[in-house]
Amino acid sequence: MKLGNLSILILFILSFSSKFTCGQDSIPADFCISEEEYKLYNLINDYRNAMNLAEIPLSKSLSFVAKTHATDLVTNRPDTNTCNFHSWSDKGNWTACCFEKEIKDKSCMVSKPGELTTYTGYAHEVVYWENKEANAERAFDQWKETSAARSLITNFKEWESHSWNALGVGIYKGFAIAWFGEDPDPEKQTIVCGSQKVIVNKPAEPKKEQEMVSASSGRFYLIYGSFNDLAEAKKQLAIYKSQGFKKAKIVSKDNKFRISLSDYSSMEQASSAKKELPSKFKDAWVLTF
């Protein structure tokens, strides 16, 4: 079938658990990220900032892994009918592997950051592909509209217990890849190609969550539960936090104390989050305040 200019998104998320020793090869001294890759990095963090989430430091190591993987996918095509885009060829200084949908042995994959760099922490990968030159905005827009990717980017659902301390990006031909790591990158700075920009790997201050909101902020709150008594509302708040809703808070308005499971900068974001809630929260609703 002729695809023409049809853009195709293929998204995968893979958890890496790579507590390894230093990589076999160091990152080349002249390694840098492009302006387009830096734009992708900023789009991800701008989205997180809009949701009151901490900025993720730019990772030179994970950016190198992302760019290396994108280049391998374009040049050597390790993906086949049975091997997806998490696969790696046998054409480089890494362990080759065919990553299938139902693969049980992930040992080949979990070694990649440790094989290629000195980064030895946990990392998670998203991959975007289209049949023309990929760019930051199209890749990010698709990730934002895809539940699995959006949850990873915003630490939602199964990612709430994770904390991202390193973000790597890579774009090559039709591929755009982002890696999210739990450990800080030992590499302390990243250069943007063709400019004097040197991005320092400085851990961001985590956003301090308010336990109660009583002044209008124009945000969109995902509400589940309303109380007349503040003490009762605080008890329920503690229960929801223990269930994984780390950003839950009390919204005080019109003499009512409502429980917000999470809050967002737009109705679109809040409505999308509502769809992803467990079925027992099906009666949750959005309050603008």
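Me: Buried means under 20% relative accessible area. What makes F175 buried in this predicted model?

Reply: The relative accessible area of F175 is 2%. The cut-off is under 20%, so F175 counts as buried.

Me: How many aromatic pairs does the whole structure hold?

Reply: A search of the whole structure gives 14 aromatic pairs. In one of them, the ring centres of W129 and F175 lie 6.4 Å apart, with 45° between the planes.

Me: What makes the pair of Y240 and F281 edge-to-face?

Reply: The angle between their planes is 70°, and over 60 degrees counts as edge-to-face. Their centres are 6.0 Å apart, and the limit for a pair is 6.5 Å. Both Y240 and F281 are buried, and together with Y224 and F245 they form one aromatic cluster.

Me: Why does the pair of Y240 and F281 tie together parts of the chain?

Reply: Y240 sits in helix α7, while F281 sits in the loop between α8 and β11, so the pair joins parts 41 residues apart in sequence.

Me: How do you know that strand β8 pairs with β10 and with β11?

Reply: Pairing takes at least two bridges. β8 has 6 bridges to β10 and 4 to β11, so both count as paired with β8. Both pairings run antiparallel. I223 stands opposite S260 in β10, and F220 has T288 in β11 as its bridge partner.

Note on methods
Residues are numbered from 1 along each chain as its sequence is written. This is a predicted model: local features need pLDDT of at least 70, side-chain atom pairs count only at pLDDT 80 or more; totals for chains, interfaces and linings use all residues. Side-chain values use heavy atoms; hydrogens and water are left out. Helices (H or I, at least four residues) and strands (E, at least two) are DSSP runs, numbered from the N terminus. Rings of Phe, Tyr and Trp (its six-membered ring) pair if their centres lie within 6.5 Å; planes under 30 degrees apart count as stacked, over 60 as edge-to-face and the rest as tilted. Buried means under 20% relative accessible area, exposed over 50%, partly exposed in between (1.4 Å probe, protein chains only).
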